[in-house]
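Please view the sequence and the model together while reading.

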Amino acid sequence: MPLQKPESVDECVYFTQRTLGDRQQGYAMVWVFRQHCPKCKKGIMGKPRGKDGSVKVRAKEYECPECHYIVPKQEYEETLTASVEYTCPACSFNGEKQVPFKRKKVEGVDALRVQCDKCKAGMDITKKMKDRKSKESFSEDD
Ligand SMILES: [Zn+2]
Ligand SMILES: [Zn+2]
């Protein structure tokens, strides 16, 4: 079954598109949908908002706008599922899969590791350290 894709990045906790590989021969698009509050099931969990209504993107927690249930950022993200559409840089296989949204340290950088279903090569979707303001990395704020 094809993966459901977001119509807008606003539906996502995380969304990124990357080229992969030394010659940028690979590609990955990764997205994580926002989910309903595990407590009240009504609100959609998101970064808390300030008094002026703007989202606090650097917040270290997620909050339910309905019942104000709060979960630490990392703990919450690890319960989520990342959807990945990729072109493997090693074997050019086009695939899609879902993986737990758990990042691991790869050479000192947090990365989501995805394994190619065909050749089993690992693809690391690292957090972007540069151009933090680009829309691709809007949720990669820390
Ligand atoms: Zn709630
Ligand atoms: Zn491969």
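Two strands are said to pair if DSSP finds at least two bridges between them. Strands are DSSP runs of E with at least two residues, helices are DSSP runs of H or I with at least four residues, and both are numbered from the N terminus. This is a predicted model, in which local features need pLDDT of at least 70 and side-chain atom pairs count only at pLDDT 80 or more, while totals for chains, interfaces and linings use all residues. Residues are numbered from 1 along each chain as its sequence is written, and chains are lettered from A and ligands numbered from 1 in the order in which they are written.

The protein contains one helix and nine strands. Along the sequence these elements follow the pattern β-β-β-β-α-β-β-β-β-β.

**Strand pairing**

| Pair | Residues given | Bridges |
|---|---|---|
| Strand 2 and strand 5 | 26–33 and 81–87 | five bridges |
| Strand 5 and strand 6 | 94–100 for strand 6 | seven bridges |
| Strand 8 and strand 9 | 109–115 for strand 8 | five bridges |

S83 of strand 5 stands opposite W31, and S83 also stands opposite Q98 in strand 6. The hairpin of strand 5 and strand 6 has six residues between the strands, and S92 there takes a positive phi near 65°.

V114 has M123 in strand 9 as its bridge partner.

**Burial and the nonpolar core**

Of the 142 residues, 18% count as buried. A residue is buried if 20 or more other C-beta atoms, placed from the backbone, lie within 10 Å of its own. A nonpolar core is a set of buried Ala, Val, Leu, Ile, Met, Phe, Trp, Tyr and Cys residues joined through C-beta atoms within 7 Å. The largest such core has 16 residues, and those with the most contacts inside it are Y14, A28, V30, V114, M123 and I125. Strand 1 (12–20), strand 2, strand 5, strand 8 and strand 9 each supply at least two residues of this core.

Two residues are in contact if their C-beta atoms, placed from the backbone, lie within 7 Å. Leaving aside neighbours within four places in sequence, I125 is in contact with T16, R18, A28, V30, A111, L112 and V114.

Methods. A residue is buried if 20 or more other C-beta atoms lie within 10 Å of its own, exposed if 12 or fewer, and partly exposed in between; C-beta atoms are placed from the backbone.
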